[in-house]
Amino acid sequence: MAGSGFSRRDVLAGIAAGTAAGIFGSSSSARAAVAEMVWATWDSNGHPEYVAAFEAQTGVKVKLSYLSSEDAQFAALKTGTASDWDMINPSLNGSWRYIKSGLLEQLDMSKIPNAAKMYDVFKTTPKVLDASGKQFAVPYLWGLNPIVYRKDKFESEPDYTTLFNAKYKGQLAMRDYALESIAIAGLVAGVPRDKVFVMETKELAEAKKLLIAQKPLLRTYWQTIGDLTNLFATGEVSCAFSWRVPFDVLKDKLPMGMAKPKAGIMGWCDCFAMPATLSAEKSEIGYKFINYLLGPEYATQVAKIGNYATTSPIIRDTLSKEEQEAIFVDDMDVMKSFMWPVAPENYSEWLKIWNEVKAS
Amino acid sequence: MVNTPDRAPDVSGPGLLLSARGLTKTYSGQRVVDGIDLDIPERAFTTFLGPSGCGKTTILRMIAGFETPNAGSLVLDGRSLSGVPPERRPVNTVFQSYALFPHLTVFGNVAFSLTLRRQSNVDVAARVRRALDAVHMAEFGDRYPHQLSGGQQQRVAVARAIIAEPHLLLLDEPLSALDKKMRGHLQIELKDLQRRLGIAFVYVTHDQEEAFALSDIVVVMNKGRIVQKAAPLTIYARPATAFVADFIGAATLIPGDIIDGGAAGPASIETAIGIVQCPAVEGLSKGDKAMLAIRPEHVRTGAHGLKATIRHVVFKGDRYLVEAEVNDVILRFMSDSPLTSGETVGLVVDQDRAFITRID
Amino acid sequence: MAPVFHRGQLAIPVTCILMLGCIFPLALLAVFSVFEVDLDAFTLVPAFSGQNWVQMFTNPVFAFLIGKAVVSGAGTAVLAAIIGYPIAVSMTRLPVLWKGVGSIVLLTPLYTGEIVRIYAWRVVLGSEGLINATLKWLGAISEPLKFLLFSPFTTHLVLLYNNLPFMVLAIWISAELIDKRLIEAARDLGARPIDAFFKIILPLTTPGLAVGVFTVFALAAGDMMTPSLLGGTSGATPMAMIDNLFGTAFDWPLASALSLSLLVVLLVFATGFVGVLLRFDGARAVFRRGAR
């Protein structure tokens, strides 16, 4: 869930946590046999039952260390205060930061047989490669960020323009997140989806204008997905750019709907990677683990319990139509309208624009 | 608050300022002031005298309005004080600890009551100067309380209390925090001030010398009741009860039986030191148990007197205070010569000045 | 013989900790603020660049956000003082046992987490919340009052609620120290209770007021959660922007410059408020008495 790229969370908390880990967790004593691997990941990606099969097969215990934010993960690695992490979880769109900083171990793809079975869009993504084409991370779990809405309040399926429509004043919400919000405004302004993350100054100004005009229509900007779920549940908001969580949580109580706008669907994707400093022994286990993540056991568990799809179609045909629909793999055309949020190089500019919008 | 006068106060009498009827104050079931009836005349200096806890300060606080009586009435200038808040009583108080406002200068403190009444600055300045002149503090107007000595603070407290020209000035042990020399000095000033201002002072003290030095009327209190109310000389010479005799001037009290006289006039009493004939409190008759009060100045040495053995001799500067034993009774007297312990002397009691009083 | 310490020497360890814990990070921020970011290598590049500071002074968004924080903090502090005084002064008149109870009741809201409180406020103030539902039921309104939630009103109501205990405690302790006879003396000299409040209690509690103002101002001006989760579209704060810049944007230099600017502005205002309050005779008198 929270794998959707960068998020605005408390970087200081992350640094503090990292510092504590540096002080108390620096016992990197080399052991003869690897008994345990620490996997830093999101709580939704790493339930104990998801990795039980792996533990049974290898006899290696997977210790789950849950992330508070992508920024905290990056900061911890960058400042060297996360030395107990053996396997980490960069987002597909954020991988470049880790790769550029030299934080990741280069991967030998021949040790991951299941990688060959991945969907092409993930197998061929250049985002996990460095400038010279070497691979450092493997995408393993993905989803998309739909518009979630109340079916009883909207006659037809909303799209991004709905979020800017004065008719729905007071029922709308946007995420308090420069990257996605400005991108959506760009799409509404007519910028094609492969250009929105490299918008030029003029287009950015256009997006900004739209966002300022949108502001009075919004009930609020949402901060966390729990926050937005609460807003739907209490009737404050009936249509928002969202993650799927409010839909899953509330669909039995309220007439919830999910819309996948044609203009472009924001996808998210989590990757597996290993810190550059990892020992050879542990790396071997790491290869086995990513192979497991791309295999059928993990895919089945995460699809049925968590409503998420792995990057491999390995179990797709075993799922019912409903189960496929739930994880967006019923119609593979969805892959064609994907757009991956990428933090632009001038992201500070985006942030300033976003704050100007909020301060207007 | 219960405030039904059970006896109508006499307000027609000439010069009556304040009258209390059945005044009672209870703290957690204990009657601290126990049904007091009292009239205080205009222009007089009245002193409540008694040991600590006798209720004298509580009476003062009820007159000032800081305490509400549980029963009884207070009438000032013919107006009931019931329900009148402190700020609307024509009464001002000089507090034991001075209670000067630490954030105001001497001028500010003295002018306090005038500034509440929005008088012109010129008028205020003139009146403050007069009040400070009256207490010889004219040149201290700019000082802050912490820059003054105890005696100076006391003078300011007096100036502050008299500036509004109250009908009645209440003084709660105002000199008790000062050294003896300063106390004596200020007693004279206070008495002088009271004469010049011509307003009634009600003074509270546990120091009988102070009470005698200042007062026109002394009200001796014990256990919440008035024991005796009279001019200082009467209190001293004709103590109404053994308590008064003991509290005032530390008399030796010798129990005995009235064998002759009484009603009004001298009586004879048979005691451990023999039969003594001397003035007596009114209302005694033959066969009553009574108390013979003998003060040190009522005793002198004489060849034909009672046979006494010297027990203790204390040098007092001008003379010696001697304790001598007569038939297991200790008599005290002043002597010009240093008698020695164990020596036998004859003692003569001045039968005109010794006094027979009631047992409490 | 045991070594004899001068009283001043006892402060050395604390001073060292303060230096390390406060001065050092600030110095680091100052250094970072003139660095540049190499986004290719994703590292901070030591430099001596005034570019971030130029932005601080030229881009109005920074001044706006910092100014908003100051106004928010000052407004909350003033309201907290106005509401806090009657509560604090009433508490001084309670019997001792009830003072304990009172202070516990006062602090109870602080024991619940901030997030819990925020969601509780949503339940109370929401479109279908307690207040709107009640008003609707009473027939006072037909449409929910939307301004109750996700507006500057909400932000300040909750900032006030969250920070009021600090103001009340500070004033209360200060008011407890006032000699009750000073109040009696004032009443005796003709002051109505309201006069006694303005002429005696208010001046002599200025140190407590100063502590309260300082605390509430700092907490309210620096709050990020309350504005962003309850303030709706008005919830932008400099703290959130700093968070963004440090984290997602990896623009540590700009974040450092903004952090320092915010800190300096807040400090200047807080010191200004406290300085003004402590110049009053009341505060001086209290400090003198404390020193004697």
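1. The contact between chain C and chain B draws on 23 residues from chain C and 25 residues from chain B. It should be kept in mind throughout that the model is predicted.

2. The size of an interface is often expressed as the accessible area that is lost when the parts come together. For chain C and chain B, the area buried between them is about 2200 Å², with 61% of it on carbon and sulfur atoms. On the side of chain C, the residues that lose the most area to chain B are E184(C), D188(C) and L189(C), which together account for 32% of what that side buries.

3. How many salt bridges are counted between chain C and chain B? The count is two. In one salt bridge, the side chain of R187(C) meets that of E87(B), at 2.8 Å from N to O.

4. The other contact made by chain C is with chain A, and it involves 38 residues from chain C and 39 residues from chain A. Chain C and chain A bury about 3400 Å² between them, and carbon and sulfur atoms carry 56% of that area. Of the two pairs of chains in contact, chains A and C share the most contacts.

5. One salt bridge is found across the interface of chain C and chain A. R122(C) and D227(A) form a salt bridge in which the closest N and O atoms are 2.4 Å apart.

6. What separates chain A from chain B? No contact joins these two chains, and their closest C-alpha atoms lie 45 Å apart.

7. Within chain C, a pair of helices deserves attention. Two packed helices are described by the angle between their axes and by the distance between those axes. The axes of helix α2 (residues 51-58) of chain C and helix α13 (residues 252-278) of chain C come within 9 Å and cross at roughly 50°. The crossing of α2(C) past α13(C) is right-handed.

8. The residues that bring these helices together can be named. From α2(C) come N52(C), W53(C), Q55(C) and M56(C), which meet P253(C), L254(C), A257(C), L258(C), L260(C) and S261(C) in α13(C). Sorted by class, the contact of α2(C) with α13(C) comprises seven nonpolar residues, three polar residues and no charged residues.

Key: Residues numbered from 1 in each chain as written. Chains lettered and ligands numbered in written order. Predicted model: local features only at pLDDT ≥ 70, side-chain atom pairs only at ≥ 80, totals over all residues. Heavy atoms only, no water. Contact = heavy atoms within 4.5 Å. Axes fitted to C-alpha atoms, helices over the stretch in contact; angles between N-to-C directions. Helix = DSSP H or I, 4+ residues; strand = E, 2+ residues; numbered from the N terminus. Left-handed = near helix turned anticlockwise from the far one by under 90°. Nonpolar A, V, L, I, M, F, W, Y, C, P; charged D, E, K, R; others polar. Buried area = accessible area lost by both parts, 1.4 Å probe. Salt bridge = Lys/Arg side-chain N within 4 Å of Asp/Glu carboxyl O.
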